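The structure is shown first.

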Amino acid sequence: MTEPGAERDRPVVLAADDDEDILELVAFRLERSGYTVLQARDGEEALELARAEKPDLAVLDVMMPKLDGFELTRRLRAEEATSKMPIILLTARAQDTDVDRGFESGADDYLRKPFSPQELSTRVQAILGRR
Amino acid sequence: MIGGLIIVALVFVAAALAMLVLLAIRRTVLARRDRRYADAERRVRPLAIALVEGDGGEPPTLSSADQAVLAEVLGRYSRKLTGAAHARIADYFRGTPAVRAALHDLRARRMWRRAAAAYRLGDMADPEVAPALLAALDDSRRQVRTAAARSLGRLGIVEAALPLVEALVSRRVPSGVAGQALVELGPAAVPELRRIAEHPEPQIRAAAVTLIGLVGDSRDAPLAVSALEDPSADVRRAAAETLSRIGGAAAEPPLRTALSDRLHFVRAAAAAALGALRSDAALPQLLEMARTDRFRPARAAAQAVARIAPRELAAAAKEPGAGPHLHEAADLGAM
C-alpha cells in the first residue's frame, strides 16, 4: 500500500466495483498503463480506502452495495482530503438522467458499461495529465 | 399387529436414512464440482485477461475442461466489454470447439439446451453464427427465440432487423428483448429500417419508424415526415413520436397539420412532438387544442405549451374558459 501523502513513483487509482470481473479488468488495464490500483468491492470499503490512501483518481461503479457511487462521490467531495480527487463513474445506468445525476453528485467523467478498457485508460490519462 | 407396525417403522427409518445418505453424497459431489470449477477459473482468468488485452501470443494448450471454463469466462467478459477487447474475444472464439459445440446444441432436443446455446453464441461475439441464430428465431419454444433475439442484437447482425421487427410485432419474442436487440443494432441498421418502413404490414412500418427515431438522426427526419401521411394511424403516431426526437424546424409545419388528425392519439403525439421541438409557431394551435380538444390531446397540448412558453401558459391559464389542462400544466410549472 502507498503511504498517504508520500511521494509516489506511480499515480494511485482507486477502483470500486462489486463485479469481480470488471474490477479485475479495470485493475489489469490501469496497472499496465502505469498506475497503482487499489481495489474496493463496495462503497464503504472504497470510502475507507480513499480516506486512508488519498488516491490520485477514483473509478467508481454506481450500483454498489452499502454505498452507491452517487452518494460515495458526494461524500468524497464533502471531505477536504478527497474533495479535489477526480472521479470517473463507470456504470450500466445509461439514461441521460443518470448521467446528469452523476455530474450533479460531483463526478468529473462518466463511462458507460459495457466499456472499453482502452477508453477508460485514455480518460484516466487525460484527467491525470491535466493536473 | 405390533410386529407389523415395527416393520413399517423400520422401513420408514431405513428410507429416511437412505435419503439422507443420498443427499449428503449429492452435496459432496456438487461441492467438489464447484471447487473444481473455481480452481479452473483461477487458472484460466489470467489467460482470459491477457487475451482480451491482446497480450501474449499463442494461447497455451488447455484441457477440454479448462477450455470450457475459459469460454465461459470470456463469454462473461464479452457482456462487459466493448471496443478492441470485445473484438479480440470474437477473434478467439472464431472456429473454436466452443462455437461448434454451441451450434450443435442449437439443434438439441431439450429446449433449455437450445436456449442456453443461443444465449452463449451471443457472448462469443462471432457474427458468423448469424444464420443459425436467425433460424433459432423460428424455434417452436419462446425461450429459445428470446435467447436468439438477444444474441442477434448483441452481435449487431443488421440482416436480423426485419425478423426481429416481425418477432416484436407478432409477440413471438418479449417486446423488451426484441426492442433492446433492435436498438443494439444501432445506426448501422438505419438503411435496413428505412426499407422496413415501406413494409405492407402497418404494425411493422410503425415499429420501423419508431426504431428510426431511436437509432437514426436528423437525416432520417424526412422519412418520418412522409410517414405522418401514412394511411395507418399507428404509423402516423410513431412518425410524430420519432420527429420529437430527430425532427428539426422542417418537421414543424407537417406536425402542425397533424394536430388536426382525425384520431386523437395522433393529435396528442403531434402536440407532444411540437412541445419537444419548442415550436413557437404552434403555440396558438396548441393553446386552442388545450382548451377545446378531448382529454388526451388537450392534456398533451397543455404540456407542450408549458415546454415552449411557460409565461404564455401562466397567462392563458388565468383567462376565462382556460379549462383543466392549462390549469394543471400551469400549476405543475409553478411548483
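Predicted model: local features only at pLDDT ≥ 70, side-chain atom pairs only at ≥ 80, totals over all residues.

Residues are numbered from 1 along each chain as its sequence is written, with chains lettered from A and ligands numbered from 1 in the order in which they are written.

**Chain A**

Chain A has five helices and five strands; these are DSSP runs numbered from the N terminus (helices H or I, at least four residues; strands E, at least two). Along the sequence the order is β-α-β-α-β-α-β-α-β-α. The C-alpha trace spans about 40 × 30 × 30 Å along its principal axes. For 131 residues a compact globule would have a radius of gyration near 14 Å, and the 13 Å of chain A agrees; the radius is taken over C-alpha atoms, and the globule rule is 2.2 Å times the number of residues to the power 0.38. Of the 131 residues of chain A, 37% count as buried, meaning that 20 or more other C-beta atoms, placed from the backbone, lie within 10 Å of the residue's own. Among contacts in chain A (C-beta atoms placed from the backbone, within 7 Å) between residues at least 6 apart in sequence, 59% join residues at least 24 apart.

**Helix pairs in chain B**

Axes are lines fitted to C-alpha atoms over the stretch in contact, and angles run from 0 to 180 degrees between N-to-C directions.

| Pair | Angle | Axis distance |
|---|---|---|
| α1(B) and α2(B) | about 55° | 8 Å |
| α15(B) and α17(B) | about 5° | 8 Å |

The angle makes α1(B) oblique to α2(B), while α15(B) is roughly parallel to α17(B); roughly parallel means under 35 degrees, and oblique is what remains once over 145 (roughly antiparallel) and 65 to 115 (roughly perpendicular) are also set aside. Residues of α1(B) that meet α2(B) include Tyr37(B), Val44(B) and Leu47(B). That contact divides into twelve nonpolar, no polar and four charged residues. Nonpolar covers Ala, Val, Leu, Ile, Met, Phe, Trp, Tyr, Cys and Pro, charged covers Asp, Glu, Lys and Arg, and the others, Gly among them, are polar. The contact of α15(B) with α17(B) has ten nonpolar, three polar and three charged residues.

**Contact between the chains**

Chain B gives eleven residues to the contact and chain A gives 13 residues. On the side of chain B, α2 (64-80) and α3 (83-93) each give two or more residues.

Notes: Contact = placed C-beta atoms within 7 Å. Buried ≥ 20, exposed ≤ 12 C-beta atoms within 10 Å, placed from the backbone.
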